[in-house]
Amino acid sequence: MWCCGPTPRLHSHIQNITRFCHPSRLMKGEDGYYFTNLCCAVAFIEKLDGQSLNLSTEEFEQHMSGQPWAGTPAPGGAQGGAQAGAQGGARTSELDLLGGLSLQQDGGQEGGRRREADLIDWQSGVEDQGHDFLGQCPLEAPPPSSAPGPASGSTNTSSAIDSDNVDTERLPPPLLPQVFAG
């Protein structure tokens with residue numbers, strides 16, 4: 001049974017799987033993919049430090065302790081903490097950049113909705129034109145006539161492929177094998 005919390009004895013489970021599972025099973029397929037990702041995630045978390053995340057040691061420790069980060073905007077919009085100088089300005093510009101990206105995303109979504117509506121309108125217009133055309137030009141076959149048609153040359157209106165009665169009188173004779181003495 002899977003749980004959402006920390007897995008007790010995770011390293012022990014990984015070692016058991018590594019030792020007792022057939023190596024070919026760990027190297028391919030869906031099981032191998034998930035196990036490889038699990039091992040990579042565990043290794044990443046074990047080696048995680050401030051330098052690997054481009055954070056100072058103090059910032060990293062604040063994040064890991066769960067304390068509010070000095071660069072996080074206060075609920076009133078002002079920046080808190082003593083680092084509101086150069087780092088605060090950089091963080092503000094990053095937040096402004098993220099806000100701009102959010103506006104661009106909203107504009108892109110609106111443009112996508114407009115294009116979708118235009119496509120639906122175009123599709124309806126094409127369907128209407130098709131129905132109008134079909135109303136002007138019915139697709140009914142003309143009644144069979146007694147005169148031979150220009151393409152088929154016969155009075156039979158059904159295709160020879162579709163009929164059981166094939167007119168064999170006009171077919172050439174079959175080829176006969178010939179023996180040549182060398």
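## The chain as a whole

Of the 182 residues in the protein chain, 8% are buried, and it should be kept in mind from the start that this is a predicted model. The secondary structure of the protein chain consists of five helices and zero strands, which, read along the sequence, gives the pattern α-α-α-α-α.

The accessible surface of the protein chain amounts to about 16000 Å², and carbon and sulfur atoms account for 60% of that surface. When contacts between residues at least 6 apart in sequence are considered, 19% of them join residues at least 24 apart.

Helix α3 covers residues 29–46 and so has 18 residues, and the distance from its first C-alpha to its last is 26 Å, close to the 26 Å expected at 1.5 Å a residue. Within α3, the residues Gly-32, Phe-35 and Val-42 are buried. These three lie on the same side of α3, because the arc they cover around the axis is only 95°.

The other side of α3 carries Glu-30, Tyr-33, Phe-44 and Ile-45, which are exposed. As for the buried residues of α3, what covers them includes the helices α1 (10–20) and α2 (23–27).

## Two salt bridges

The structure holds two salt bridges. One of them joins Arg-25 to Asp-31, with the closest N and O atoms 2.9 Å apart. Arg-25 counts as exposed because its relative accessibility is 51%, where the cut-off for exposed is over 50%.

## A nonpolar patch on the surface

Four leucines, Leu-95, Leu-97, Leu-98 and Leu-101, form a nonpolar patch on the surface, and together they have about 380 Å² of accessible area. One of these residues, Leu-95, is located in helix α5, which covers residues 86–136. With a relative accessible area of 40%, Leu-95 is partly exposed.

## Positive phi outside glycine

Arg-9 is not a glycine, and yet its phi is positive, at about 55°. This residue is placed in the segment before α1, and Arg-9 counts as exposed, its relative accessibility being 62%.

Asn-54 also has a positive phi although it is a residue other than glycine, the value being near 60°. The place of Asn-54 is the loop between α3 and α4 (57–65), and at 73% relative accessibility Asn-54 counts as exposed.

Methods: Residues are numbered from 1 along each chain as its sequence is written. This is a predicted model: local features need pLDDT of at least 70, side-chain atom pairs count only at pLDDT 80 or more; totals for chains, interfaces and linings use all residues. Side-chain values use heavy atoms; hydrogens and water are left out. Helices (H or I, at least four residues) and strands (E, at least two) are DSSP runs, numbered from the N terminus. Buried means under 20% relative accessible area, exposed over 50%, partly exposed in between (1.4 Å probe, protein chains only). The arc is that of the directions from the helix axis to the C-beta atoms. Contact means heavy atoms within 4.5 Å. Patches are made of residues with over 30% relative accessible area and no salt bridge: like charges are joined within 9 Å, nonpolar side chains (Val, Leu, Ile, Met, Phe, Trp, Tyr) within 5 Å. Accessible areas come from the Shrake-Rupley method with a 1.4 Å probe; for residues, only the protein chains shown count as cover. A salt bridge is a side-chain nitrogen of Lys or Arg within 4 Å of a carboxyl oxygen of Asp or Glu.
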